Amino acid sequence: MTDPTPAPASRLPSRARVVIIGGGVSGCSIAYHLTKLGWRDVLLLERRQLTSGTTWHAAGLLTTLRDTETQTKLAKYTQDLYRRLEAETGQATGIIDCGSIQLAMTKDKAHEMRRGFNMAKSFGVEAHEISPREVQALWPLADVSDLAAAFHFPNDARVNPTDVTQALAKGARQGGARLLENVAVTGIRTRDGRVTGVETTEGAVEAEIVVNCAGMWARRVGRLAGVNVPLQAAEHYYLISEPVAGVHPKLPILRDPGRSAYIREEAGKIMVGLFEKEAAPWGLDGIPEDFCFGDIPPDWDRMAPYIERAMRRVPILLDTGVKLLFCGPESFTPDHNYLMGEAPNLKNFFVAAGFNSLGILSGGGVGHVMAQWIVDGHPPMDVWSVNIARTHAWQDNDRFLADRTVETLGVGYQDHWPFRQWETARNVKKSVLHDRLAAAGACFGESAGWERPNWYARPGQKPEYAYSWGRPNWFENHAAEHRAVREAVGVIELSSFAKLQVEGRDALAVLNRLATAELDVPVGRCVYTQFLNPRGGIEADLTVTRLAADRFLVLTAAFTQTHVEAWIRRHVPAGACCVLTDLTGAYAMLNVQGPNSRALLQSLTDDDLSNAAFPFGSAREVRLGYQTVLAIRLTYVGELGFELYVPTPFAQPVYDRLLAAGAAHGLAHCGLHALNSLRIEKAYRDWSHDVGPDDTPLEAGLAFTCAWKKAGGFIGREALEAARAAGPPKRRLVQFLLEAPDAFVYHNEPILWDGAQVGYVTSGMYGHTLGGAVALGYVARPGLTPEQLAEGRFEIQIADRRVGARASLTPLYDPKNLRVRS
């Protein structure tokens with residue numbers, strides 16, 4: 001990353017409060033927003049010239065409807081910022097208020113878009129469904145004969161990427177920041193788990209905070225710091241036609257997922273951008289050192305079918321010359337979400353990269369969120385879906401990233417089905433029971449690299465998804481699994497669960513300060529608890545089992561492992577004797593749940609599993625045949641059940657013995673879909689869906705976990721006490737049972753109370769015991785009471801349909817926990 005004509009050394013300060021690496025739109029936006037918050041000692045270092053990586057060749061689309069709430073909010077903020085930048089800085093941004101139109105070619109895509117349309121309106125985005133004739137009026141050259149639906153976003157726009165970045169840079173300079181070009185970062189300095197500065201081609205700079213905004217180089221920069229930044233560059237194409245009569249700058253942007261393309265005007269010509277289903281990774285052997293405002297020779301043969309298909313949206317293009325087929329690199333992440341926030345393993349080292357070709361439309365919001373995060377120590381909104389703490393060290397693998405990037409480039413323009421599974425880069429992690437589960441008919445899904453059984457096919461049925469917004473092809477399989485747990489017994493393989501052993505003289509003190517619940521319990525007790533941030537928001541939702549006086553087992557979902565592990569490590573005081581060890585791979589986990597679970601397990605052991613001898617919340621070693629396992633009497637489905645933690649060498653014989661004995665008790669294999677529907681019927685919360693860093697236990701109905709008077713308190717207690725003193729929560733998490741048995745609900749559907757929106761669904765699934773779709777969601781109404789819920793008329797908006805729903809603050813299934821404690 002050296003430069004043949006380095007900048008004079010005198011320009012480089014010896015220290016700065018913040019060093020930002022990278023002069024693309026995200027780096028310049030963060031610098032700009034930091035100065036707006038009063039931070040002047042900000043230094044941005046760009047290896048070549050501002051925008052010279054990937055920013056300069058972006059299409060400049062500002063379209064607000066995104067896949068997630070977080071991305072939609074970032075895009076909306078960005079639009080608002082870009083509209084005022086020129087007046088503030090004097091630098092033109094080239095913004096054109098042209099609007100955009102999303103096109104649906106199938107009924108399924110129209111249904112998906114209506115769901116997204118409703119979500120966007122919930123967040124203040126103006127949108128209207130329009131007819132094909134209205135599309136034709138707005139875009140006279142477009143062929144609308146194949147459209148099932150269309151949606152107009154009149155406030156969407158386009159911008160000149162270089163100009164808007166220069167405006168942010170100018171605003172940052174006006175606020176006191178220094179931006180230096182032709183200074184490459186060659187090393188990251190750290191000490192005692194925190195960043196202390198950077199090394200460059202012009203010398204070292206001490207820094208309190210370093211922000212990695214290096215774009216497609218961010219992975220390389222991350223490795224300098226020992227930080228995982230999983231992203232991979234890929235070829236990304238757009239073409240520009242010869243001049244076309246009748247086009248003008250105010251033509252709306254056409255977003256055409258069915259043709260994997262977007263179309264817009266470009267200086268009297270037409271630009272067609274492509275997001276092909278199978279992409280080509282680029283730079284697998286490294287990015288050239290001299291890459292600056294660079295492009296890639298286009299692969300006409302590979303792209304020709306995509307080009308022709310896209311051109312058919314505007315047929316005149318088929319008879320118009322192509323002035324340019326441009327190919328430039330863009331970086332993509334394994335799950336097609338951004339990488340933002342403080343590195344989980346290095347204090348004060350932040351990342352803002354991996355924007356999946358959406359950097360311009362999110363750049364303003366990214367700068368706003370990151371600057372607030374840096375200054376305040378936390379983001380101004382829930383950003384878990386883009387938080388770098390969701391990533392895993394194993395993802396920094398060249399082959400994995402290359403293979404996954406083939407799929408991720410185009411996924412934004414594919415159908416976003418419920419339960420959609422990644423097709424590429426699979427089989428990263430398999431439990432020791434994987435082959436046995438496959439033989440039993442498991443249809444696997446992937447989470448945090450683990451192959452997990454989502455549902456089980458019947459003999460003769462292929463364990464494959466046929467995606468649908470309605471009744472899925474595995475509906476009856478799911479129903480049978482769900483009912484098995486409610487009526488007999490099911491086994492759910494959950495070896496993917498993260499198992500973190502925390503031990504040492506100070507282990508209790510460390511964990512008890514983090515947990516809302518009291519953890520100073522007798523050995524052999526399991527405690528359900530949350531970890532909170534100082535604002536009272538829920539950072540983790542998990543269980544802690546006391547195995548010895550100085551040894552605890554923390555159990556959390558696989559996708560949260562990096563975050564939870566980092567949260568614990570960061571709260572171990574200097575000098576404390578507290579060691580965390582990841583035991584995830586050392587144990588398989590078989591979750592045996594249902595009214596017959598005790599009888600089944602009792603038939604395999606001489607140990608007493610009776611309610612008196614083994615009450616709810618107990619944990620102890622149990623002998624099953626020749627093997628000894630850790631059994632915890634716990635449930636996430638609302639039934640009598642036991643979680644069996646089996647040392648990996650013992651897992652297969654324990655599983656075999658369990659199955660052999662299970663036939664007499666009605667044992668069935670059950671997948672993660674059944675687990676989800678069962679827990680939603682019982683109104684059990686799921687972290688990152690129903691609860692998260694911006695939700696408090698008071699709002700989520702989890703205040704029962706709080707040991708308000710325990711010695712030493714817990715992080716977040718003061719914020720919760722202040723909230724309690726201020727009065728009832730302004731919103732509450734509510735359970736809903738939909739009245740129409742043919743309705744299906746998943747997430748983000750608006751919740752209506754007497755016709756007015758009061759929230760949206762956080763999670764949903766079909767509840768086969770309750771007889772309809774069941775959902776959880778927050779209702780914004782201060783001091784909400786059961787009587788108010790009973791008096792109101794609730795509906796859930798599903799695409800263009802409103803479905804009545806029964807609302808409850810208490811679980812609709814077994815509200816008194818009689819089955820759990822039987």
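Helices α1 and α2 are roughly perpendicular to each other, a class that covers angles of 65 to 115 degrees, whereas angles under 35 degrees count as roughly parallel, over 145 as roughly antiparallel and the rest as oblique. The model is predicted, so to speak of local features requires pLDDT of at least 70 and side-chain atom pairs count only at pLDDT 80 or more, while totals for chains, interfaces and linings use all residues. Residues are numbered from 1 along each chain as its sequence is written, and side-chain values use heavy atoms, with hydrogens and water left out.

**Helix packing**

Helix α1 (residues 25-36) packs against helix α2 (residues 69-89) at an angle of about 70 degrees, and their axes lie 14 Å apart. Axes are lines fitted to C-alpha atoms, for helices over the stretch in contact, and angles run from 0 to 180 degrees between N-to-C directions. On the α1 side the contact (heavy atoms within 4.5 Å) is made by V25, Y32, H33 and K36, and on the α2 side by Y77, L81, Y82, L85 and E88.

**Helix α6**

In helix α6 (residues 218-225), the buried residues are A218, R219, V221, G222 and A225, where buried means under 20% relative accessible area, exposed over 50% and partly exposed in between, with a 1.4 Å probe and protein chains only. Seen down the axis of α6, these residues fall within an arc of 160 degrees, so they line one face of the helix; the arc is that of the directions from the helix axis to the C-beta atoms. The elements that cover them include β1 (15-21), β9 (185-191) and α9 (398-411). Just after α6, G226 takes a positive phi of about 75 degrees.

**Strands and hairpin**

Helices (H or I, at least four residues) and strands (E, at least two) are DSSP runs, numbered from the N terminus, and two strands pair if DSSP finds at least two bridges between them. An open sheet of 5 strands runs in the order β23-β24-β25-β22-β26 with antiparallel pairing; its edge strands, β23 (526-532) and β26 (579-582), each pair on one side only. The twist from one strand to the next averages 30 degrees.

Strand β19 has 5 of its 6 residues buried, so it is largely enclosed by the rest of the structure. With β20 it forms a hairpin that has 2 residues between the strands, and A448 in the turn has a positive phi of about 55 degrees.

| Antiparallel pair | Bridges | Residues standing opposite |
|---|---|---|
| β24 (residues 538-548) and β25 (residues 551-556) | 5 bridges | T545 and L553 |
| β19 (residues 442-447) and β20 (residues 450-456) | 6 bridges | E446 and E451 |
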